[in-house]
Amino acid sequence: MHTNFTYFVLWSEFMRISWKNWALGLATAATLINGALAAETKCFFDSQTGGAFMMGSGDKSRAINPQPAANDWYDVIYRGDLFYCPGGSGTIDCSHSWGKTQSTTYSWSWGLSTDLGGIKTIGKALGLVSLSAEYGVAKTYTTAFTETIRIKPGYYARPIQVVARRWTQGKYQGVWFRTDSTGVEYYISAWKKCQWYWWNDGYNWGKWTSNLEKYRYDTYDVKPSVSKLI
């Protein structure tokens with residue numbers, strides 16, 4: 001009985017490899033489109049794909065082609081203590097220094113929206129997975145407001161930190177395409193049917209939009225009235 005069992009195991013492994021190689025051969029043949037051989041093929045279960053023809057992958061698809069809008073808008077992320085230079089006879093100007101260092105943590109990219117164009121995704125959720133690698137999701141801006149400035153009589157002033165943002169959009173790149181070939185893979189103590197897909201690394205699809213930082217700066221906001229301060 002031991003010998004028969006050994007033969008059965010060897011036969012099963014042989015059939016698994018043969019069947020998988022046969023299916024892979026069909027999948028590879030199916031990718032010979034326009035003379036181009038797919039760089040990678042993979043057999044997915046229906047529970048992963050739902051039979052979708054094209055699938056994005058949070059592990060492999062990525063955000064590309066950032067196209068910024070024409071204009072920036074400015075987000076004041078910090079407003080410091082207010083200072084007023086009193087007017088009156090004999091007053092020429094006021095000298096003032098805030099004398100402190102300010103660190104502000106803020107979101108670097110926000111307002112993200114995605115249009116996947118009906119393409120199913122697998123793996124990690126698409127979104128800032130790709131964007132965060134390029135733009136980041138949060139930063140800390142530190143400014144030493146220690147210099148002395150001169151202010152006209154009757155004017156108000158305060159230190160500010162500003163982030164200039166711009167609405168930006170782009171696409172995703174890289175997608176799995178389903179082939180006509182099926183295979184069999186071992187899955188949770190049983191052999192299950194799977195569908196072969198090939199990876200097209202250069203295929204563009206979907207759209208993302210986000211409000212991204214372009215630059216940042218610190219300055220002093222000086223105005224003749226409080227209502228006119230930023």
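A residue counts as buried when its relative accessible area is under 20% and as exposed when that area is over 50%, with partly exposed covering what lies in between. K223, with a relative accessible area of 23%, is therefore partly exposed. Keep in mind that this is a predicted model.

Now for the chain as a whole. You will find three helices and 13 strands in it. Of its 230 residues, 35% are buried. The accessible surface comes to about 13300 Å², and carbon and sulfur atoms account for 54% of that. Among contacts between residues at least 6 apart in sequence, 85% join residues at least 24 apart.

The chain has seven salt bridges, and K223 takes part in one of them, with D221 as its partner. Their closest N and O atoms are 2.5 Å apart.

Next, look at R150 and D93, whose salt bridge brings N and O to 2.4 Å. R150 sits in strand β11 (residues 149-151) and D93 in the loop between β5 (83-84) and β6 (94-96), so this pair ties together parts 57 residues apart in sequence. R150 is exposed, with a relative accessible area of 64%, while D93 is partly exposed at 27%.

Finally, K60 and E40 form a salt bridge with an N to O distance of 3.1 Å. This pair, too, links distant parts of the chain: K60 belongs to the loop between β2 (54-57) and β3 (62-68), and E40 to the loop between α1 (2-30) and β1 (41-44), 20 residues apart. K60 is partly exposed at 30%, and E40 is partly exposed at 32%.

Note on methods:
Residues numbered from 1 in each chain as written. Predicted model: local features only at pLDDT ≥ 70, side-chain atom pairs only at ≥ 80, totals over all residues. Heavy atoms only, no water. Helix = DSSP H or I, 4+ residues; strand = E, 2+ residues; numbered from the N terminus. Buried < 20%, exposed > 50% of the residue type's maximum accessible area, 1.4 Å probe, protein only. Contact = heavy atoms within 4.5 Å. Areas by Shrake-Rupley, 256 points an atom, 1.4 Å probe, with all protein chains shown as cover. Salt bridge = Lys/Arg side-chain N within 4 Å of Asp/Glu carboxyl O.
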